[in-house]
Structure formats: C-alpha cells, structure tokens
Amino acid sequence: MAEKTRLTTEEFLSLWNDDNNTLAPGIKIDVVECLVQQRSSQYLIDAKERAMKVMKLDQFEDSQQVKILDLGCGLEINPILIEEAKKLYELKKHCLTSNVSIEIVHGDIRQMVFHDRTFDIVRCDLCLEHVDLSKALLEIKRVLKVNGRLIALEDGAGNVYSSDEVLIKTYDSILSSRGDGGTAIGLQFMLPNMDFDIICLIPEPFLQSAQEITRNDKDWIKLRALGESMVTKGVLTEEENKDFCKRFIEACGANRIIVAAMLFVIEAVKQK
C-alpha cells in the first residue's frame with residue numbers, strides 16, 4: 001500500500017460532521033439512521049441508565065427548580081436527529097408531570113447561547129469526543145452554576161483486533177493511535193485543572209463481537225461512509241478502500257474481528 005498521511009484523531013472523530021459537504025446525501029442520511037440504531041444497543045442503554053442513576057435526581061425537592069442541560073442529542077451532518085427529538089417530545093410530553101418542561105435547542109457546544117451559571121447539571125453521552133474538548137469544557141464550566149455537576153458518559157481508548165494481519169496493518173496505518181487514552185481519560189486530566197472536583201468515576205467495559213459489529217452497521221453504511229471519507233481526504237485510494245472494506249466485511253463474516261474498549265461515567269462538581 002502506498003504511504004499515506006494518517007487521519008488525525010480529530011479528523012477521524014469529525015468524519016461525520018462533513019463540513020465541506022463531501023459525503024453523498026444518501027450516505028449522510030443512512031449514517032444518521034445507522035448511528036441511531038447503534039445508540040439503541042443494549043450496552044449503551046445499560047451505560048446510560050448507570051449515568052442517570054449518578055444524577056441522583058431524587059435528592060432535589062419537588063418544589064425545587066432544577067435546570068438540566070443534555071448536550072449532544074444531534075449530529076451536524078444532518079438535522080434529522082434534532083427533528084426526531086422534537087417529534088418524540090411532542091408524542092410523549094403528555095407523560096411528563098406538570099412541573100417538568102423541555103426545550104430542544106439546536107446549537108454549538110463550543111459556543112452555547114445560554115447565560116452564565118444557568119444549569120444545575122450538564123449531561124453528555126459520547127459527544128465530547130467529536131468536538132474540541134478544551135473549548136467544550138470552557139463552555140460547560142461557564143453555563144454550570146457553582147457546585148453544579150457535569151455527568152459525562154465518554155469512551156476511553158479502544159481498538160479493533162483481527163486475525164487478518166493485512167486488515168489490521170491498513171487500519172493501524174491510516175488511523176492515529178489513541179495514546180492519549182481517549183476522551184474519558186482526557187477529562188480526568190483536564191477537569192481538575194479547570195476547577196472541577198471528580199467525585200465519581202465508573203468504568204464500563206465494552207466488547208463488541210463480529211456479529212454485533214455486523215448487526216450495528218446494517219448494509220455496512222457506516223463502513224462505506226468511513227471509506228468514502230478516507231478516499232476524499234486522500235488517506236486511501238479507491239482500490240485500497242475497496243480492499244479494506246472487503247476484508248473488514250469478510251472478517252466479520254468469519255468471526256475474525258472484535259472491538260474492545262472502555263466507557264467511563266464521570267461525575268465532576270464545579271468549584272468556582
């Protein structure tokens with residue numbers, strides 16, 4: 001394979017943003033649907049439930065006004081998820097008690113429209129890895145009240161493993177190694193330097209078999225979008241991409257591939 005420039009971690013994690021509108025519209029819509037399906041998988045549902053328990057909402061009095069900001073419920077590649085969230089709210093809002101109200105806002109985590117010290121809790125699930133972490137944390141700190149809490153479900157470093165040596169060699173040659181340990185590890189280093197106290201850290205092991213990879217990427221939509229992006233960025237040629245995708249699909253079919261990673265639920269309190 002010809003020598004190529006690796007995708008940086010930032011480039012890989014922002015592939016779906018498609019700021020230059022290079023992905024075909026059909027692929028973009030399919031990727032959104034694929035990611036929605038993936039995020040409804042049981043391991044993520046279980047992890048989200050543990051994060052919800054960390055919120056400890058029962059500590060608040062019924063008469064107490066509590067403001068919670070849930071970040072990252074949409075994707076920049078398409079406003080579909082925002083619109084779906086609005087539809088779901090309209091469908092289910094009759095289930096809410098009279099003292100609960102929800103507002104869905106389309107914005108940028110790095111430059112939020114909310115006033116300083118507005119929220120008691122800021123929640124985010126697997127979204128900080130897709131943005132500039134330093135900028136996002138500055139904004140989260142700004143909109144949190146003093147003694148307000150950040151509760152984040154984010155991933156640590158993970159990797160793809162396969163007995164297909166050519167597949168792994170290609171994978172390792174185009175993607176940067178996560179020597180920084182991933183977003184969750186980065187948060188553990190950065191938050192104390194930004195006047196946060198980390199008071200809870202729950203590791204969530206994540207193991208995805210070949211069958212689960214196949215089930216979570218119906219018709220290989222996400223794989224095709226990744227390949228198309230790598231060709232567009234000049235990381236792979238058309239032929240190299242075809243071979244990579246072919247080997248990846250064959251490895252899944254032969255149960256010769258696995259994804260192993262670690263998720264973390266992090267609870268941190270803003271001190272000042």
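Which residue in β2 is the bridge partner of Leu-69? The legends below answer this and then move along the predicted model.

**View 1. Leu-69 meets its partner in β2.** The bridge partner of Leu-69 is Val-122. Strands β1 and β2 run parallel, and 4 bridges join them. Strand β2 spans residues 119-125. This strand is mostly covered, with 7 of its 7 residues buried.

**View 2. Val-122 also stands opposite a residue of β3.** That residue is Leu-150. Strand β3 covers residues 144-155. It runs parallel to β2, and 6 bridges join the two. Between β2 and β3 the chain passes through helix α5, residues 133-143. This β-α-β crossover is right-handed. In a regular strand, side chains alternate between the two faces of the sheet.

**View 3. Leu-126 has a positive phi.** Most residues other than glycine have a negative phi. Leu-126 is not a glycine, yet its phi is about 50 degrees. Look for Leu-126 in the loop between β2 and α5. Is Leu-126 buried or exposed? Its relative accessibility is 11%, so Leu-126 counts as buried. The cut-off for buried is under 20%.

**View 4. Asn-147 is another residue with a positive phi.** Its phi is near 70 degrees, and Asn-147 is not a glycine either. Asn-147 lies in strand β3. Asn-147 counts as exposed because its relative accessible area is 55%, and exposed means over 50%.

**View 5. Three side chains form a nonpolar patch on the surface.** The members are Met-52, Leu-57 and Ile-68. Together they have about 250 Å² of accessible area. Leu-57 sits in the loop between α3 (42-55) and β1 (68-71).

**View 6. The whole chain gives the setting for the close-ups.** The chain holds 10 helices and 6 strands. It has 272 residues, and 42% of them are buried. The accessible surface comes to about 15200 Å². Carbon and sulfur atoms account for 51% of that surface. Now take the contacts between residues at least 6 apart in sequence. Of these, 85% join residues at least 24 apart.

Technical notes:
Residues are numbered from 1 along each chain as its sequence is written. This is a predicted model: local features need pLDDT of at least 70, side-chain atom pairs count only at pLDDT 80 or more; totals for chains, interfaces and linings use all residues. Side-chain values use heavy atoms; hydrogens and water are left out. Patches are made of residues with over 30% relative accessible area and no salt bridge: like charges are joined within 9 Å, nonpolar side chains (Val, Leu, Ile, Met, Phe, Trp, Tyr) within 5 Å. Accessible areas come from the Shrake-Rupley method with a 1.4 Å probe; for residues, only the protein chains shown count as cover. A salt bridge is a side-chain nitrogen of Lys or Arg within 4 Å of a carboxyl oxygen of Asp or Glu. Buried means under 20% relative accessible area, exposed over 50%, partly exposed in between (1.4 Å probe, protein chains only). Contact means heavy atoms within 4.5 Å. Two strands pair if DSSP finds at least two bridges between them. A crossover is right-handed if, with the strands pointing away from the viewer, the path from the first strand over the helix to the second runs clockwise.
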